Amino acid sequence: MKWRSLLIGGVLTALFLLAAALSFLWTPYDVEGMNIAGRLKPPNATNWLGTDHFGRDILSMIMVGARTSIAVALVAVGIGMGLGVPLGLAAAANAGGVLDELISRANDLVFAFPSLVIAILITAVFGAGAVNAIIAIGIFNIPVFARLTRGAALSLWTREFILAARVAGKGKTRISAEHILPNVANLLIVQGTIQFSLGILAEAGLSYVGLGAQPPIPSWGRMLADAQTMVALAPHVALIPGLAIVLMVLGLNLLGDGLRDWLDPRLRVVRT
């Protein structure tokens, strides 16, 4: 079934998006409400996914944590695309020139520092928080989209329709916007879903080490960090947020794979 990846990925992603959207209006319990007497309860009829070490409802925290992870990853990908795509188009339009060299070396410089290191540097100056996690992940996404856009655009600048546009008197900026960008949009969409899933993982990792969203805002990564000393006593406290991360990332990766099949006619023929 050629649409299997797109269908499964779309359903998984939609479920988490729905849970995140629903958390703005309703959650089974208050995520800041503690019930020490009911701490570490396994899944039951009252608390479907159990409670944590403070007696908070895990399902409610998973729902609000999805909102946190999705917001951080989405904004970070937006930063990466918003800055990286124009830089990649500019580099391709000036291939071999000074601007191309500057952008390429800047990309190499950012790639030399993983998002976690960038987050530590930003946190040392501005303090921990979701905003700083967004900035760190977003900065790391910029060269990813810049390189992808530049590589895809370079192969188009020698095509006949681009030569015709140049003969018609169109400048490099106009050609990049009207002809190059629409032809690389499918690659950017697929890469966007991949970076979105990586953003979810990065946010969880940063929260796990205390650099992401701060209490009382729920975060999947911090839920894992809080549960690491209670795995033997109450394994569901660690398994459930871990499973949420796995399913969210799996859904986005399957969605990206399905979109690639759908947007690329050659792959559609091969995988039929």
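**View 1. Two aromatic pairs turn up when the whole structure is searched.** Here, rings of Phe, Tyr and Trp (its six-membered ring) pair if their centres lie within 6.5 Å, and planes under 30 degrees apart are stacked, over 60 edge-to-face, and the rest tilted. This is a predicted model, so local features need pLDDT of at least 70 and side-chain atom pairs pLDDT 80 or more, while totals for chains, interfaces and linings use all residues. Residues are numbered from 1 along each chain as its sequence is written, and side-chain values use heavy atoms, with hydrogens and water left out.

**View 2. Phenylalanine 16 meets tryptophan 220 edge-to-face.** Their ring centres sit 5.7 Å apart, with the planes at 70°. Phenylalanine 16 belongs to helix 1 (residues 4–23) and tryptophan 220 to helix 8, so the pair ties together parts 204 residues apart in sequence. Both are buried (under 20% relative accessible area; exposed is over 50%, partly exposed in between, with a 1.4 Å probe and protein chains only).

**View 3. Phenylalanine 111 and phenylalanine 140 make an edge-to-face pair too.** It's 5.8 Å centre to centre, with 90° between the planes. Phenylalanine 111 is partly exposed at 30% relative accessibility, and phenylalanine 140 is partly exposed at 24%.

**View 4. Helix 8 (residues 220–227) crosses helix 9 (residues 236–263) at roughly 150°.** That makes the two roughly antiparallel (over 145 degrees; under 35 is roughly parallel, 65 to 115 roughly perpendicular, the rest oblique).

Notes: Axes are lines fitted to C-alpha atoms, for helices over the stretch in contact, and angles run from 0 to 180 degrees between N-to-C directions. Helices (H or I, at least four residues) and strands (E, at least two) are DSSP runs, numbered from the N terminus.
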